[in-house]
Amino acid sequence: MTDSTPATTAPAHTSRRRVLAAAPAAGAAAALAACSGPAEPSAVPTAPSDAAAHVVAPAADLPRGSKLAVEIDGRNYLLFRPSETDVLAYRALCTHQGCQVMVGEADAFQCPCHNSEFSPEDGAAVAGPAKDPLERFAAEIDGEDVVVYV
Ligand code: FES
């Protein structure tokens with residue numbers, strides 16, 4: 001592990017289910033309240049002491065500059081690897097009305113419901129009606145694995 005390693009338990013090798021198909025989330029319960037204005041992307045999060053480490057993919061499946069969707073305990077997350085040593089993880093829940101955000105074909109993560117787009121670099125809303133950034137989680141490249149702390 002590197003200096004940026006969150007202090008948690010060893011990765012659990014229980015969640016390797018990758019989500020590659022588009023499936024907009026249904027349910028008004030997941031819908032968020034109307035946005036009040038743009039928000040700054042959150043700083044790099046520190047894994048809470050009770051966060052569990054989840055090995056979500058082989059590092060080889062997320063080459064530098066690429067994006068990937070994964071599932072952890074039934075929830076969808078989006079990954080972006082900006083460099084060989086770093087990986088960023090976001091909850092794939094649109095901050096507009098709660099649809100599932102997808103990896104998308106373009107550079108940005110994309111919400112199919114009303115076409116909001118989010119920057120893979122920091123989760124910021126960059127297009128469409130969403131104003132707030134995606135929720136971010138601690139993540140790292142740990143040897144051959146991508147680990148997300150949820
Ligand atoms: S729910 Fe994502 S853009 Fe509206």
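Colleague: Why is Cys113 called partly exposed?

Modeller: Its relative accessible area is 30%. Buried means under 20%, exposed over 50%, and partly exposed lies in between, with a 1.4 Å probe and protein chains only. So Cys113 is partly exposed. Bear in mind that this is a predicted model: local features need pLDDT of at least 70, side-chain atom pairs count only at pLDDT 80 or more, and totals for chains, interfaces and linings use all residues. Residues are numbered from 1 along each chain as its sequence is written, and side-chain values use heavy atoms, without hydrogens and water.

Colleague: What makes Cys99 count as buried?

Modeller: Cys99 has 9% relative accessibility, so it counts as buried. Cys94 at 2% is buried, and so is Cys111 at 4%.

Colleague: How do you know that Cys99 and Cys113 form a disulfide?

Modeller: Their sulfur atoms are 1.9 Å apart. A disulfide is a pair of cysteine sulfur atoms within 2.5 Å. The pair therefore qualifies. A search of the whole structure finds one disulfide.

Colleague: Why does the pair tie together separate parts of the sequence?

Modeller: Cys99 sits in the loop between strands E4 (88-91) and E5 (109-110), and Cys113 in the loop between E5 and E6 (117-118), so the linked parts are 14 residues apart in sequence. Strands here are DSSP runs of at least two residues, numbered from the N terminus.

Colleague: How do you know that E6 pairs with E7?

Modeller: Two strands pair if DSSP finds at least two bridges between them. Two bridges join E6 to E7, and the strands run antiparallel. In E7, Ala127 is the bridge partner of Glu117.

Conventions: Helices (H or I, at least four residues) and strands (E, at least two) are DSSP runs, numbered from the N terminus.
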